[in-house]
Amino acid sequence: SIRFRIKPLADLAQISILIWSDKLKDNARYYVTGLKKGEWKTVQFRGVEARAGWAMDGPSLDGSVLNNVRILFEGPADARMVIDDFEVRE
């Protein structure tokens, strides 16, 4: 599972968490929405909840090693995020 706390310093519609899978030869994705400026949000999900494909309609990470995690977002030019307590667990 992946767990972290996030506090955006601007309102963000969505962040994308991308996890590369050598097995799938693709990124699996997990989306977090509704992030409000200055509010902490805890994000927690199991790796198998992330799915390949932009629409998250592909295969899961079941049986894959989580070897690269990226957090992406779009926002105003001055948008920033604070991330705390990032943890990857079996």
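## V43 and its contacts

Let's start with V43. In this predicted model, V43 is in contact with I2, R3, F4, I6, I17, Y30 and V32, once you set aside its neighbours within four places in sequence. Keep an eye on I2 in that list, as we'll come back to it.

## The nonpolar core

V43 also turns up in the largest nonpolar core, which has 18 residues. Which residues have the most contacts inside this core? They are I15, I17, V43 and F45. Strand β1 supplies at least two residues of the core, and so do β2 (12-21), β3 (26-35) and β4 (41-45).

## A look at I2

Now back to I2, which sits in strand β1, running over residues 2-8. Is I2 buried or exposed? I2 counts as buried because its relative accessibility is 0%, and the cut-off for buried is under 20%.

Leaving out residues up to four places away in sequence, I2 touches I19, V43, Q44, F45, L66, V69, F86, E87 and V88. P76 makes a handy distance check: I2 and P76 are 74 residues apart in sequence, and their C-alpha atoms are 27 Å apart in space.

## The largest pocket

Finally, the largest pocket holds about 180 Å³ of space. Its lining is made up of S1, G47, V48, L61, D62, G63, S64, L66, V88, R89 and E90. Sorted by class, that lining has four nonpolar, four polar and three charged residues.

Conventions: Residues are numbered from 1 along each chain as its sequence is written. This is a predicted model: local features need pLDDT of at least 70, side-chain atom pairs count only at pLDDT 80 or more; totals for chains, interfaces and linings use all residues. Side-chain values use heavy atoms; hydrogens and water are left out. Helices (H or I, at least four residues) and strands (E, at least two) are DSSP runs, numbered from the N terminus. Buried means under 20% relative accessible area, exposed over 50%, partly exposed in between (1.4 Å probe, protein chains only). Contact means heavy atoms within 4.5 Å. A nonpolar core is a set of buried Ala, Val, Leu, Ile, Met, Phe, Trp, Tyr and Cys residues joined through side-chain atoms within 4.5 Å. On a 1 Å grid over the protein atoms alone, a cavity is a set of points where a 1.4 Å probe fits but cannot get out, and a pocket is an open set with protein on both sides within 12 Å along at least five of seven lines; lining residues have an atom within 4 Å of a point. Grid points are joined across faces, edges and corners, and a volume is the space filled by probe spheres set on the points. Ala, Val, Leu, Ile, Met, Phe, Trp, Tyr, Cys and Pro count as nonpolar, Asp, Glu, Lys and Arg as charged, and the others, Gly among them, as polar.
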